[in-house]
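Please read the following points with the chains open beside them.

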Amino acid sequence: MDMMRPMPLPEMKEGPATNDASAAVAISVRDLRAGYGAAPVLKGVNLEIREKTVTAIIGPSGCGKSTLIRCLNRMHEAIPGATCDGEILLGGRNALEIDPVLLRREVGMVFQRPNPFPTMTIAQNVAAGLVLNGVRDRAAIAETVEKSLRRAALWDEVKDKLDAPGVGLSGGQQQRLCIARALAVEPRVLLLDEPCSALDPIATGRIEELLIQIKDQLTVVIVTHNMQQAARVSEYTVFMLMGEMVEYGLTRKMFTQPADKRTEDYITGRFG
Amino acid sequence: MNDALYARRKKVNALMFALTAVCAAVASGTLLAILGYIAWQGASSLSWAFLTNMPKPLGEHGGGIANSIVGSAKVVGLAGLMGIPVGVLAGVYLAEYGRGKYAFAVRYAADVMNGVPSIVVGLFAYALIVHPMKKFSALSGSVALAFIMVPIVLRNTEEFLRLVPGTIREAALALGVPRWKVTLFVILPTAGRGILTGALLALARVAGETAPLIFTAFGNRFADNGWLNPIATLPHTIFTYAISPYEDWHNQAWAAALILMLFVLLINVTARVWLRPSSGAPH
Amino acid sequence: MTTAVLDRVRKVPGSRERAGDRLFRLVIAGFAGIILLAAVALAWQLARESAETWRTFGLTFLWTSDWDPVADVFGALPFLYGTAVSSFLALLIAVPLGVGAAVFLTELAPKRLAEVLMFAIELLAAVPSVILGLMGIFLLVPAMRAAGSPYGVGMLTAGLILAFMILPYITTITREVLLTVPRPLKEAMYALGATRWEVVRGVSLPYARPGIVGAVFLSLGRALGETMAVTMVIGNTPQIKASLLEPGYSMAAVIANELAEAASDAHLSALVAIGLTLMAVTIVVNGAARLMLYRLGRAK
């Protein structure tokens, strides 16, 4: 079948990743098609996301960037009528063929709006993934809670009120709590779907810092509508337009010498 | 002439709104009138002894309604134990998987059961339990009340579960938690307050039901002895005493009505206050 | 250490988890099935227990007036009549009162006052019917007698008590519908120089009419099936009299009064037949109410 043919990626020919040609591939997306009912959103996307980097996905709204990221841990399927076809290789397995529950433990996700569990305390929120999956060892849970909160740069702010409700925190803190919650199950990949769109600039800054810090431990993919954010946090950027991947390469190169006219138009603000 | 017409229109306006104010006063004043009258009539016969003593034999003055209070607690309690879990879990089913034909049929059945008069539900419990066993029983009364509770609890549960934002479900699913655990341990507790309040209100509702108990729990002037024998309940005692020819029993009916009313009011007011700060779901 | 814990998490085999989901769905579908089963069993039981009556009397059961348990002759017409008339009276009293109250609470009353009054009205719906019956026996019946009613008990007394029972439903639903009347519609009418009442009559009430009709049907469903309050004040006499001050009987009341003491199977069967008829009528009425309110909801 045509769609199964591995397609060489355009920027690989140019060799943009001269400095890290050795970087391993974490996720390999082949001819990914997805949509809702009969309406296609992704029209055959090919992409190789490198391990332990931050990759940003940008593009005008409706371009399919959220759908793409939601396919990576199959949250896309949680929407009734959603369709998805193609190949997402993750550690040698096709993510579309394994149990989504197991997949999601390895590919965590943080959403647009902070969504801590309203009935749980801060500590319970962080521990939720472990506890709901049957971990009972209290000492190990406490240790994971602290470690995850530290990685999410939230520990110092909440260490004295771990038993306070998670929804009592500020918006920015809630979002970092959600990041800590996702990190607690130790995923290999962390997906963030416009995580700062509901936050103020200071809270956004904190989250950007922590993303840069955690990237040497896991692979980060972030969807953002904010090009400055992409430029600040990511090493690689994907530019999407109308369900297709237009350009993919080193962030610093894409923002200085975009290869495609459409990318140039977008980053210079000429449309959208 | 135009002025005259306008003056007339203004008069009609004022008159009609005065009338609607009277309607509102009647509608809301009725409750106060009822509460006031029951308190006035019932308070004089109310005492600690009335609550803790058994009824006296026919013809003797005095006695209490201890057996009715215990009986109501037992019958309503068992009804809750049967009706609330069924209603909540069926509600979870409708909220989580409620799209197909089966769910439509269940929803329709719940609507029908909700509209069936309570006396007809009593008939059902009679045909189901009393008639085959040839005996009135506490159990049959509980079953009747449980059938009344189930559709109420079910629709309430479904409604509150639907209020839980999809983002909460997404967050839990994205942690790699299986769906049944997400539903049971994340979604259900999030709607917990609303569901619990609905269950409480359903309990208060059936605690005041009389009609389905007349030929199921039946009533009993003696200490209750087990689930398979007739049992006294508060509303049924109020009914029997009220239609009796004895002055003393009339007074006792008022006092018992005061107890029942206070219980029902307490639950209703608590439920409202409790639900107000957040409607069971986060904003 | 944490890694060890997480390794265990990762090792949970996928198939078992999915089986868990399936099992969970089946179990709660089973619980949902209980209500379905109950509804079917209810109809079936009532049909079975009343079969004898339908066999003996056929549909004439519904339009003959002799009710003689001793001779095993049963005709349910007086009960149907009593139920219909008392419920109709209740609507006649409660609908204008309820709609009027709803108009006042929506259009005129300050928000705070409206909330307090609505609270009182909604609590009225929670008052157990046996308590309303008690009020009826000791307050309304003497009052009716003082006002010149020969017996005190009777159709009108039952209608009055029922009116107070359904008043909260009519008020609450009408108010909810009135609150949804679009502002621009009302403002257009005000701009023409209409008075407040003219806006209510010309815009709000017509807009709310389907909702009010739904509320009326819903209340009718309640009134038809109400047992205690009616039993206690209607007089419990199986007769059809033109005067509303005469005692009557209702379907629910005769079941409540006679079932526990029904001596013969024929008597029992006749009472269940009345119950089945009552159920059929309320299902139709409630179905109509739901249809109205559903259409209204969809039009929004």
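1. A cavity here is a set of points, on a 1 Å grid over the protein atoms alone, where a 1.4 Å probe fits but cannot get out; a pocket is an open set with protein on both sides within 12 Å along at least five of seven lines, and lining residues have an atom within 4 Å of a point. Grid points are joined across faces, edges and corners, and a volume is the space filled by probe spheres set on the points. The model is predicted: local features need pLDDT of at least 70 and side-chain atom pairs count only at pLDDT 80 or more, while totals for chains, interfaces and linings use all residues. Residues are numbered from 1 along each chain as its sequence is written, chains are lettered from A and ligands numbered from 1 in the order in which they are written, and side-chain values use heavy atoms, with hydrogens and water left out.

2. The structure has one cavity of 30 Å³ or more, and the largest cavity holds about 30 Å³ of space. Its lining consists of Met109(A), Phe111(A), Cys178(A), Arg181(A), Ala182(A), Ala171(B), Ala174(B) and Leu175(B). Helix H7 (residues 171-184) of chain A gives the largest share of this lining, three residues. Helices (H or I, at least four residues) and strands (E, at least two) are DSSP runs, numbered from the N terminus. Seven residues of the cavity lining are nonpolar, none is polar and one is charged. In this count Ala, Val, Leu, Ile, Met, Phe, Trp, Tyr, Cys and Pro are nonpolar, Asp, Glu, Lys and Arg are charged, and the others, Gly among them, are polar.

3. How much space lies in the second largest pocket? The volume is about 790 Å³. Of its 25 lining residues, the closest to the centre are Glu77(A), Ala78(A), Arg169(B), Leu173(B) and Arg179(B). The lining of this pocket divides into eleven nonpolar, two polar and twelve charged residues.

4. Chain A has an open sheet of four strands in the order E2-E1-E4-E5, with antiparallel pairing. Strands E2 (39-50) and E5 (93-94) of chain A are at the edges with a single partner strand each, so one side of each has no neighbour in the sheet. Two strands pair if DSSP finds at least two bridges between them. E1(A) and E2(A) are joined by nine bridges, and Arg33(A) has Lys43(A) in E2(A) as its bridge partner. These two strands form a hairpin with two residues between them, and Gly37(A) in the turn has a positive phi of about 60°. Eight bridges join E1(A) to E4(A), where Ala34(A) is partnered by Cys84(A).

5. Arg162(B), in helix H6 of chain B, is partly exposed at a relative accessible area of 47%. Trp63(C), in the loop between helix H3 (51-57) and strand E1 (67-68) of chain C, is exposed at 56%.

Note on methods:
Buried means under 20% relative accessible area, exposed over 50%, partly exposed in between (1.4 Å probe, protein chains only).
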